[in-house]
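Work through these exercises with the model open beside you. Try each task before you read its solution.

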Amino acid sequence: MSRRPKPLLQEDQVLKSRPTRPRDPKQPNLPFDPMPDRIEPCLALLKKVPPKGPDWAFEVKWDGYRLAIHIEPYGVRIITRGGHDWTHRFPVIAEAARKLGVGTAILDGEAVVLDKEGRSDFGALQRSLGGRGGKKASTESVLFAFDLLYFDGHDLTGTELSVRRHLLEDFLDGATGAIQLSDEILGDGTVLLEHACAMGLEGIIAKHRDQPYRSGRTGDWIKVKCVESESFMIVGYEQSTAARGGIGSLLLAARQGHGWVYVGSVGTGFNTKDAGYLRGTLDKLRTKRPAVPLKGKNLVFVQPTLIAEIEFRGWTHEGSIRHPSYKGLREVQDNAAVFDINERPTG
């Protein structure tokens with residue numbers, strides 16, 4: 001029912017562990033761990049170059065929504081990175097989870113919509129959900145699972161990644177439906193990144209094989225992007241009588257502690273329909289108290305509510321994004337994804 005992603009390298013270079021016998025979710029007399037209501041996700045630290053050495057495993061970086069799939073004795077819950085229950089927004093993934101044949105599990109992964117080339121398309125995912133504020137349920141999305149945090153009554157977060165991946169690969173061996181395995185790729189990180197960029201992918205993720213699952217941005221996981229893309233808060237816009245929708249550019253901000261810091265503006269990437277929606281929505285959020293200290297006679301300031309996904313080509317010395325392009329709006333519930341200025345890439 002869904003497309004398979006285009007492999008980063010040849011098929012014989014994908015790591016697969018040997019399948020084991022099917023597990024019985026009703027196994028008696030095992031020391032069970034309480035199933036957590038939620039586990040804060042492990043986040044990838046942005047770097048300019050991939051790490052080297054045998055301690056690192058590599059995967060494709062998917063461009064979608066980070067989700068935790070909770071398979072519980074009496075049902076399935078799908079939880080966003082920010083802790084919101086979106087089970088109703090991803091019914092096909094939820095149904096696939098119910099059919100996995102396990103009593104309890106927590107899968108960590110990314111929901112995406114694939115294009116004809118097998119690449120994740122963030123805009124297509126947004127459209128499948130009805131756009132920002134939409135109420136649609138996505139029937140086209142696929143979850144690429146890359147970690148297993150809880151399984152058959154056992155908390156796996158304290159075990160090293162290599163063990164968790166082994167169990168996950170056995171669990172999802174051969175799965176091709178709405179839940180699939182995010183394959184681990186063998187090879188040198190620099191070469192893999194070159195392949196990913198040549199194929200039009202977003203980038204790669206490197207994960208330390210020997211580390212447990214630790215919430216937050218610890219450096220155990222590293223992301224390296226071909227073209228940088230992050231979520232920024234819209235804090236205003238520049239009026240223009242010549243531009244479509246009356247918006248010359250959107251004013252963007254990143255998190256800085258408990259406040260905001262200006263990172264530049266974007267005036268490309270949105271069409272007439274996008275501009276009209278943005279203008280109408282932003283005008284309802286107007287404020288006389290700007291979230292960032294900017295001055296200009298054509299500037300309109302708004303409450304920090306709308307989150308824009310922006311593609312760009314790096315950072316200036318002054319702390320602004322270079323050559324930005326608007327990709328779309330994220331959901332308000334996805335505010336956990338807004339870029340923190342302290343996460344700017346290091347070497």
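**Exercise 1.** Decide whether R164 is buried or exposed, then find its salt-bridge partner.

*Solution.* 
Step 1. R164 has a relative accessibility of 1%. That makes R164 buried, because the term means under 20% relative accessible area, with exposed over 50% and partly exposed in between (1.4 Å probe, protein chains only).
Step 2. The partner is D147, with the closest N and O atoms 2.7 Å apart. A salt bridge here is a side-chain nitrogen of Lys or Arg within 4 Å of a carboxyl oxygen of Asp or Glu.
Step 3. D147 sits in strand β6 (residues 142-151) and R164 in helix α3 (residues 161-171), so the pair links distant parts of the chain, 17 residues apart. Helices (H or I, at least four residues) and strands (E, at least two) are DSSP runs, numbered from the N terminus.
Step 4. D147 is buried too, at a relative accessible area of 0%.

The model is predicted: local features need pLDDT of at least 70, side-chain atom pairs count only at pLDDT 80 or more, and totals for chains, interfaces and linings use all residues. Residues are numbered from 1 along each chain as its sequence is written, and side-chain values use heavy atoms, leaving out hydrogens and water.

**Exercise 2.** Work out which parts of the chain the salt bridge between R66 and D108 ties together.

*Solution.* 
Step 1. Check the distance: the N to O separation is 2.8 Å.
Step 2. R66 belongs to strand β3 (residues 65-72) and D108 to strand β5 (residues 105-112), so the bridge ties together parts 42 residues apart in sequence.
Step 3. Check burial: both R66 and D108 are buried.

**Exercise 3.** Describe the surroundings of H208.

*Solution.* 
Step 1. H208 lies in strand β9 (residues 203-208).
Step 2. H208 counts as buried, at 16% relative accessibility.
Step 3. Leaving aside neighbours within four places in sequence, H208 contacts D55, W56, L161 and D220. Contact means heavy atoms within 4.5 Å.
Step 4. A polar atom of the H208 side chain lies 3.2 Å from the backbone nitrogen of D210.

Terms used. Polar contact = N/O pair within 3.5 Å; in protein donor to acceptor, adjacent residues only side chain to side chain.
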